[in-house]
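Work through the exercises below with the sequence and the model in view. Each task is followed by a worked solution.

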Amino acid sequence: MLDLTSDAAELTAALVDIRSESGDERILADAVESALKALPHLTVTRDGDAVVARTELGRPRRVVVAGHIDTVPIVDNVPSHVEGGRLYGCGTTDMKAGVAVQLKLAALVTEPVHDVTYVFYDNEEVDASRNGLLRLARSHPEWLAGDFAILMEPTDGVIEGGCQGTMRVEVVTRGRRAHSARSWMGENAIHGAGAVLDVLRAYTPREPEVEGLRFHEGLNAVFIEGGVAGNVIPDECVVKVNYRFAPDLSVADAEAHLREVFDGFEVRVVDAAAPARPGLDDPSAAAFVSAVGEGRARAKLGWTDVSRFSELGVPAVNYGPGDPVLAHTKDEYAEIAKIREAEERMVAWLTGAR
């Protein structure tokens, strides 16, 4: 049972202590659903292990506050513990501190200045095809409808606009098999991959400014696969490359760029996710940055589900407690003061106090 009257940091600890690795969120989803159904001012619905709660006050604008309830695999970092003003445990930063703030808002703000939809979804930390928010967007897009969305990903308390796109490609080099005792009779595909690595070493990533925010791209090899046997000259080698691109490019633009960069090589696109532009000129986003971010915002250097909201036509930003640099680490923690600060700022904004 989750106690929504408890302190935000204590609630975060309770969430961390309920295991919810991707694909195993059912127990936590049940607890979230039960806690929200006890709040009479909310309408609660569920799809799989995604829970959605809504106010229905007839306000002229609707805000969506979303966060995922799953974590990466636990590595001896549950249960949680407190040390020196920090709450340690799997998912503290990414993103159970943000989920705790969502739950506190749902319980405390019974008369928000905007109608609010709270979305708690599953399977964010795994393949995009399993993503709970993507499933909702396809099966119940009306549940995600709104004028503005806040994804409570860890940002260390700074509003982050938009997100970068990501693309994974395979760059293939080919050769000719031969016995390694007579290597000159063949052509070594792994040796040929050196030219691909030369391209990557010489590459200078862009740092474009998009709608006033500075993004920093990246192009990196993340895997190399090749080889047949210990006595065979290999005839194929695959360099797997990840491209993180700024939101001034589309997925098609990114693919075209990679094919130009690796001109002369065989390039196969494996996976891609679109970026999202910052959209901070939207009135709701601008007001949020002014009130909650004290006028400050920076670019999101990574991909997040703000891209899903962008595809639905809903302007969205990232904002939440927790340092993203600590996400997925064994010693992951969230600053207790940051959790409480995020709650206070969000409550003030939703009640019109700031």
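**Exercise 1. Describe how H1 passes H9, and which residues make the contact.**

Step 1, handedness. H1 passes H9 in a right-handed crossing. A crossing is right-handed if the near helix is turned clockwise from the far one by less than a right angle, and left-handed if anticlockwise. Helices (H or I, at least four residues) and strands (E, at least two) are DSSP runs, numbered from the N terminus.

Step 2, residues. Ala 8, Ala 9 and Thr 12 of H1 meet Ile 336, Ile 339, Arg 340 and Glu 343 of H9. Contact means heavy atoms within 4.5 Å.

Step 3, classes. The contact of H1 with H9 has 4 nonpolar, 1 polar and 2 charged residues. Ala, Val, Leu, Ile, Met, Phe, Trp, Tyr, Cys and Pro count as nonpolar, Asp, Glu, Lys and Arg as charged, and the others, Gly among them, as polar.

Step 4, geometry. The angle between H1 and H9 is about 110°, and their axes are 8 Å apart. Axes are lines fitted to C-alpha atoms, for helices over the stretch in contact, and angles run from 0 to 180 degrees between N-to-C directions. H1 and H9 are therefore roughly perpendicular to each other. The classes are: under 35 degrees roughly parallel, over 145 roughly antiparallel, 65 to 115 roughly perpendicular, the rest oblique.

A note on the source: this is a predicted model, where local features need pLDDT of at least 70, side-chain atom pairs count only at pLDDT 80 or more, and totals for chains, interfaces and linings use all residues. Residues are numbered from 1 along each chain as its sequence is written, and side-chain values use heavy atoms, with hydrogens and water left out.

**Exercise 2. Describe the packing of H1 with H3.**

Step 1, geometry. H1 and H3 pack at about 125°, with axes 8 Å apart. The two helices are therefore oblique to each other.

Step 2, handedness. H1 passes H3 in a right-handed crossing.

Step 3, residues. H1 contributes Ala 8, Leu 11, Thr 12, Leu 15 and Val 16. H3 contributes Thr 92, Lys 96, Ala 97, Val 99, Ala 100, Leu 103 and Lys 104. By class, the contact of H1 with H3 has 8 nonpolar, 2 polar and 2 charged residues.

**Exercise 3. How many residues of H1 are buried, and what covers them?**

Step 1, count. Buried means under 20% relative accessible area, exposed over 50%, partly exposed in between (1.4 Å probe, protein chains only).

Step 2, names. The buried residues are Ala 8, Ala 9, Leu 11, Thr 12, Ala 13, Leu 15 and Val 16.

Step 3, cover. Among the covering elements are helix H2 (26-37), strand E5 (86-88), helix H3 (92-108) and helix H9 (336-350).

Step 4, the N-terminal end. Asp 7 caps H1 there: a side-chain oxygen lies 2.8 Å from the backbone nitrogen of Ala 9. A polar contact is a pair of N or O atoms within 3.5 Å; within protein, one must be able to donate a hydrogen and the other to accept it, and residues adjacent in sequence count only if both atoms are side-chain atoms.

**Exercise 4. What do the buried residues of H4 pack against?**

Step 1, start of the helix. A side-chain oxygen of Asn 131 reaches to within 2.7 Å of the backbone nitrogen of Leu 133.

Step 2, buried residues. In H4 these are Gly 132, Leu 133, Leu 134, Leu 136 and Ala 137. They pack against strand E1 (43-47), strand E2 (50-54), E6 and helix H8 (306-311).

**Exercise 5. Is Val 109 buried or exposed, and what does it contact?**

Step 1. Val 109 is in the loop between H3 and E6. Val 109 is buried, with a relative accessible area of 3%.

Step 2. Leaving aside neighbours within four places in sequence, Val 109 is in contact with His 41, Val 347, Leu 350 and Thr 351. Val 109 and Thr 351 are 242 residues apart in sequence, yet 7.0 Å apart C-alpha to C-alpha.
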